[in-house]
Amino acid sequence: MAGSKSCEAPGAAERAVPGEGRPLIVTEDPALLDDLLRLCAAAGAEPHVQQAVPEQTAWERAALVLVGDDAARRVRGAPRRAGVFLVGREPAEPPVWQWAVELGAERVLRLPEAEGELVDRIADVVEGAGRPALTVGVIGGAGGAGASTLACALALAAARAGQRTILVDGDPLGGGLDVLLGGEGAEGLRWPDFARSRGRVAAGALAESLPELHALRVLSWDRGDRVVVPPAAMRSVVAAARRRGGVVVVDLPRRVDEAVAEVLAQLDLVLLVVPGELRSVAAAARVAAGVRIAARDVRAVVRGRCPAGLDAEAVAGLLRVPLAGEVPREVGLPGRVAEGEPPGAHGRGPLGAFCDGFWQRALAPVQGVTA
């Protein structure tokens with residue numbers, strides 16, 4: 001694959017090894033090249049560009065390869081590898097699909113329709129995307145169930161276990177999880193700063209922009225007027241948090257609107273917190289019905305003592321969800337929280353024991369994802 005003519009994207013580092021760890025673009029189509037350079041810039045990538053047949057080293061070392069329709073026949077002899085995409089600006093004709101098979105391309109992408117997907121794939125490479133975060137939502141089945149308390153305690157326990165952790169406050173009327181963690185004055189971005197996000201949010205930049213409290217990153221609300229975060233912005237921010245890896249815990253409001261549904265669709269598990277009393281169980285049944293529409297896996301956490309004739313397994317049965325566990329009432333917890341101690345901060349008591357046990361089970365298959 002010698003005899004190539006190459007050029008660098010504007011601003012690319014001269015010292016970089018051609019193609020190594022970067023996207024490789026192969027095309028002589030000026031309009032397509034302009035589009036691909038623009039999409040790489042949107043993803044924060046500096047591509048290596050080959051206008052003819054790329055050298056074998058550049059082909060093999062590239063993080064991914066974007067081959068224009070005009071170049072497909074010229075590179076048919078390239079070694080098979082993962083991460084090859086055949087890209088064009090017109091509807092795909094039958095020969096294009098044959099070229100894709102001969103190249104071993106993963107996908108045939110048409111612009112502009114596939115621009116969002118292509119930016120995501122390029123950005124995943126730039127960020128070194130690996131296993132996404134284990135993402136757990138916590139939602140109260142009834143008022144005062146203690147969902148925010150459990151969400152904070154779970155996030156703190158994950159951080160103690162060495163997990164890279166982000167705690168997301170999804171409830172604009174909840175008072176702010178940064179307050180519960182004693183960090184309302186900490187520097188960093190809050191939800192209103194992301195309200196206009198539409199496209200992809202970089203995972204690393206998101207984490208670095210958030211307040212760091214008790215060894216975890218927290219995305220909360222400020223104390224200003226309520227700002228409505230559109231569903232697209234909510235989706236982009238939570239997706240960025242997941243791409244960072246480790247653990248993401250999301251405190252959810254009881255009302256499932258379009259924005260909350262966007263979050264529920266990205267969660268691996270939802271914990272429905274239910275006080276062990278009949279009225280709360282009745283209320284939680286309505287919440288559970290709404291959550292199950294968008295969430296893949298919903299489980300009950302029963303808090304407090306159940307009345308005679310009703311135990312935690314029975315509560316979960318009435319809600320038609322599996323039981324994740326019980327958290328007995330913890331004497332002195334409200335007072336400690338009122339004095340500024342974050343819930344579950346030291347891993348002691350019933351709340352800390354539940355959280356530590358939960359992560360021991362949940363993280364057992366993914367122990368490689370650590371801080």
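Which elements cover the buried residues of α3? They include α2 (56–61), β4 (64–68), β5 (84–88) and β6 (107–110). Helix α3 is taken up again below.

## Model and conventions

This is a predicted model, in which local features need pLDDT of at least 70 and side-chain atom pairs count only at pLDDT 80 or more, while totals for chains, interfaces and linings use all residues. Residues are numbered from 1 along each chain as its sequence is written, and side-chain values use heavy atoms, with hydrogens and water left out.

## Overall build

The protein has 13 helices and 14 strands. Both are DSSP runs numbered from the N terminus: helices are H or I with at least four residues, strands are E with at least two. The C-alpha trace spans about 80 × 40 × 40 Å along its principal axes.

Of the 371 residues, 51% are buried. Buried means under 20% relative accessible area, exposed means over 50%, and partly exposed lies in between (1.4 Å probe, protein chains only). Among contacts with a separation of 6 or more, 72% join residues 24 or more positions apart. A contact here means heavy atoms within 4.5 Å.

## Helix α3

Helix α3 covers residues 94–103, and its buried residues are Val96, Trp99, Ala100 and Leu103. They sit on the same side of α3 because they cover an arc of only 105 degrees around the axis. That arc is taken from the directions from the helix axis to the C-beta atoms. An α-helix has 3.6 residues a turn, so residues three or four places apart point the same way.

The face turned away from the buried side carries Pro94 and Val101, both exposed. After α3 comes Gly104, with a positive phi near 75 degrees.

## Backbone exceptions

Most residues other than glycine have a negative phi, and most peptide bonds are trans. The bond from Leu111 to Pro112 is cis, with omega near 10 degrees. Pro112 belongs to the loop between β6 and α4 (115–126).

His214 is not a glycine, yet its phi is positive, about 55 degrees. It lies in the loop between β9 (212–213) and β10 (216–219). Ala215 is in the loop between β9 and β10 too, and its phi is also positive, about 70 degrees. His214 counts as partly exposed because its relative accessibility is 44%. Ala215 has a relative accessible area of 55%, so it is exposed.

## Thr165 in strand β8

Thr165 belongs to strand β8, residues 165–169. Is this residue buried or exposed? Thr165 counts as buried because its relative accessibility is 2%.

A polar atom of the Thr165 side chain lies 2.9 Å from the backbone oxygen of Gln163. Leaving aside neighbours within four places in sequence, Thr165 contacts Ala155, Ala158, Ala159, Leu216, Arg217, Arg244 and Val247.

Arg279 lies in α10, residues 278–294. Its relative accessible area is 76%, so Arg279 is exposed. Its C-alpha is separated by 20 Å from that of Val256, which is 23 residues apart along the chain.

Beyond neighbours within four places in sequence, Val287 is in contact with Ile139, Gly140, Gly141, Arg254 and Leu272. Val287 and Gly174 are 113 residues apart in sequence, and their C-alpha atoms are 17 Å apart.

## The largest pocket

How much space lies in the largest pocket? About 280 Å³. On a 1 Å grid over the protein atoms alone, a pocket is an open set of points where a 1.4 Å probe fits, with protein on both sides within 12 Å along at least five of seven lines. Grid points are joined across faces, edges and corners, and the volume is the space filled by probe spheres set on the points.

The largest pocket is lined by 17 residues, and those nearest its centre are Pro172, Arg226, Pro253, Asp257 and Val260. The elements giving two or more residues to this lining are α8 (231–243) and α9 (258–264). A lining residue has an atom within 4 Å of a point. By class, the lining has 12 nonpolar, one polar and four charged residues. Ala, Val, Leu, Ile, Met, Phe, Trp, Tyr, Cys and Pro count as nonpolar; Asp, Glu, Lys and Arg count as charged; the others, Gly among them, count as polar.

Notes. A polar contact is a pair of N or O atoms within 3.5 Å; within protein, one must be able to donate a hydrogen and the other to accept it, and residues adjacent in sequence count only if both atoms are side-chain atoms.
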